[in-house]
Amino acid sequence: MIEIINETMFHLYNEKISYVMTVLPNQQLGHVYFGPALGKIESFDQIYLDKKVNKSAGTVKFFDGNNSFTLADRYQELPIYGTTDFREGALTIFEEETPLYTDFKLHSFRCYMGKVRNLDKPASFAGENESQSIEFELVDAERELKIDMTYTIFRGLGTIARKQKISNIGDEARRIERFMSGVLELKNRDFEWVHLSGAWLKERHIKATTVSQGTMSVGSLKGASGHQHNPFVALKEKSTSNDHGYIYGANLIYSGNFLAQVEMDEWNNLRLMIGMHPEHFSWKLDPGETFESPESIFTFSNLGMNGLIQESAQFVEKHIIPPHWQERERPIVFNNWEATYFDFDEEKLLSLAKESRSLGMECFVLDDGWFGNRNSDRSSLGDWTANNAKFPKGIGHFAQEIHALDLKLGIWFEPEMVSPDSKMYQEHPEWVVKHPYNRISIGRGQYVLDFANPIVVESIFQAMKEIILETNLDYIKWDMNRNITEAYSAYLAENGIAQTEFYHRYMLGVYKLYQKILSAFPNILIEGCAGGGGRYDLGILFYSPQIWPSDDSDAVERLTIQSGTLLGYPMSSFSNHVSASPNHQVDRHTSLTFRQHTAMFGPLGYELDLFSLSTEEKQKIKNHIEFYKQHRQLLTFGTFYQLNSVEKQNEVIWAVHDSDKQEILIGFYKILAEANPASEEFFHIPFLDMTRVYQVNGERISGRILKNLGLRKPYQFNAVNHGTAQIQGDFQSFIYHIQVVENKE
Ligand code: DGJ
């Protein structure tokens, strides 16, 4: 998996990809290639020749009498601005006010198998036989700095993970101003810059823009990865379709401020970089200290969008999600938020719980409003003890009742926040993120707690621990409903730590709380949430295997959100809830069937007033849950395919198959009905086999027919047969269940 030639060429490869690096004439680590597997490389000259210098006016040559060399046209692993390369660099270091134009030379390297999981900080992990890594030690002797850069390749996957840390090996303090986690340099192949963007209630829509000379970027400065942009980005050839063409994905295992950008120079070279956002960041590195940047991920597929979807899913499933939850079925949840909001007591909740149990649900999640005096979103965050009026017999009693119904119990927390109207704030106003000047912004009536302060983290942990123990809790919904403003920590000030370290130290505090909870309660299921999908990232998924994708529970919007999210994150990471009609966010009316069909791709849940349902609707829910339970493995961990172009949003077709393609489920969704459409009668399913015979919803159809014609769409919109059409009108859906009935013709 790692081939080393003459100690100067490094080739990480498996059957899918090759990643090649070399040592440049100035001893810096250079990049050669990332793309389809090259196999064992016999002659390196074939893929890399020490190039001549580009001759544009303004190209500056470099170093020590070797005037034939410039970094301007070199592919580098760790480019640094300030010498002969004028593009943005990955690392900027100062000594007081003086920039250090660092010059890291390869000093040594070592290879090792496996990658240990450590709850301290989110990062990928792998068993001994699942990965191989190469760790380079690069030293800038003059400026007394050392960098360790580790590249990991995983068995059977198109992903390379990169981890790096920088150490001060001298006697003078240094300041890191920018330390991008990942850099990928490559030739432009008519690429589009793909990102997942949107806003609250419409997160992670796929956007694609042609790359041209200059810089394009997305990022977040909100103290969280954010609703507006996601750290997952990609470069895809313009011609890339669902199943063909080059696509490179990049992601960051981090939940705070980030920047992802691509810069194209005058020679059609691209530099893709991803890392912590350099705005408002700088980190003091005292002698002997080390700073580690979040890990970055690069993925390649030449099998188009579906190739990337599947690579991303497999990587996250195996190497990010907590091991306990890998391939483990998730409970079908009933969440009381959209059913009751703040208006509930124990009695009401228990009757909802009984009803949900009788319909087949498995876990009752008690959302916001159970603690302090919380009867609206203006109060009590921080006071994590049960509301006596709502739970007169105590939360422990409520938990016993839930467990006695053979339901698991989940409870909502918003650990990082405090309401001004709370005991915690009265006792500890200094625990709030607030600048010493008077102005303090407020969001959703709440302040952000100073998670850079370990005492705050410990205090929240103790409060949560008591509730977890008292309720024998199975599940936590971890919410986070506002972003950070006036970033300032009294704790950092007292300890002489620069405020420019706040955002990152805040994130480390959040990860510390996850670590404490999961160390004490390793099997608790944590559902991530940040006002919906404001923190849908690999940092959170490292601790919590599923995330509430959006506060918009409308099934039509969820089709777009899920299609976007799937590019970088697995189906098993979605919490999908069937909610009421008309929908509470957009007031749209959709049928229960359509809502259930949309929510079933991923972990299923319900979030609506069960007592306002008719007997017929309850029966439909019961039937759907039974069906879901029979197919839960496939619908959580199956191999996912988009069968329609993700740009053609009026018809969405999702498919999943099991590992040997014996069983397939397809969800067909028609958003708006069209008058007299010129639509195709059939759609194609690329993974079917000509030599097999299938049963499609009970009907035998040969693989040859399905392959050559496709599968007939579930409707005919024309006046003649409107009476027999299976799909009529807006917001329609149809599920195909396909099984192999004969393996050979
Ligand atoms: C925002 C979440 O996304 C909702 O699901 C719900 O938990 C509310 N917060 C509760 O305040």
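Trainee: Which residues does Phe364 touch, not counting residues up to four places away in sequence?

Mentor: Bearing in mind that this is a predicted model, Phe364 touches Phe334, Asn336, Leu349, Leu352, Ala353, Phe398, Ile402, Leu407, Lys408, Leu409 and Gly410, once residues up to four places away in sequence are set aside.

Trainee: And which residues have the most contacts inside the largest nonpolar core?

Mentor: Phe364 is one of them, together with Ile166, Trp370 and Ile517, and that core has 196 residues. Helix α8, which spans residues 502-520, gives the most to this core, with 10 residues. There is also a second, separate core of 20 residues, which includes Tyr641, Leu643, Ala655 and Ile738.

Trainee: Switching to sheets, what is the strand order in the open sheet of 9 strands?

Mentor: The order is β7-β8-β9-β10-β20-β16-β15-β12-β13, and the pairing is antiparallel. At the edges are β7 (105-113) and β13 (202-210), each of which pairs on one side only. Neighbouring strands of this sheet are turned by 20 degrees against each other on average, with direction ignored.

Trainee: What lies across β9, β10 and β13?

Mentor: That is helix α1 (residues 304-319), which also lies across β15 (229-237), β16 (247-252) and β20 (290-301), and which runs at about 140 degrees to β20.

Trainee: How many bridges join β9 to β10?

Mentor: There are 9 bridges between β9 (residues 145-154) and β10 (residues 159-168), two strands that run antiparallel. Within that pairing, Met149 stands opposite Gln164 in β10.

Trainee: What does the side chain of Asp148 make a polar contact with?

Mentor: The partner is the side chain of Lys146, at 3.0 Å. Leaving aside neighbours within four places in sequence, Asp148 is in contact with Glu135, Phe136 and Glu137, and also with Lys163, Gln164 and Lys165.

Trainee: Last topic, the whole protein: how many helices and strands are there?

Mentor: The secondary structure comes to 14 helices and 38 strands. The radius of gyration is 27 Å, close to the 27 Å that the globule rule gives for 745 residues, so the protein is as compact as a globular protein of that length. Buried residues make up 61% of the 745 residues.

Trainee: What box do the C-alpha atoms fill?

Mentor: Taken along the principal axes, the box is roughly 85 × 75 × 45 Å. As for contacts with a separation of 6 or more, residues 24 or more positions apart account for 70% of them.

Note on methods. Residues numbered from 1 in each chain as written. Predicted model: local features only at pLDDT ≥ 70, side-chain atom pairs only at ≥ 80, totals over all residues. Heavy atoms only, no water. Pairing = 2+ DSSP bridges. Helix = DSSP H or I, 4+ residues; strand = E, 2+ residues; numbered from the N terminus. Axes fitted to C-alpha atoms, helices over the stretch in contact; angles between N-to-C directions. Contact = heavy atoms within 4.5 Å. Polar contact = N/O pair within 3.5 Å; in protein donor to acceptor, adjacent residues only side chain to side chain. Core = buried A, V, L, I, M, F, W, Y, C linked by side-chain atoms within 4.5 Å. Buried < 20%, exposed > 50% of the residue type's maximum accessible area, 1.4 Å probe, protein only. Rg over C-alpha atoms; globule rule 2.2 N^0.38 Å.
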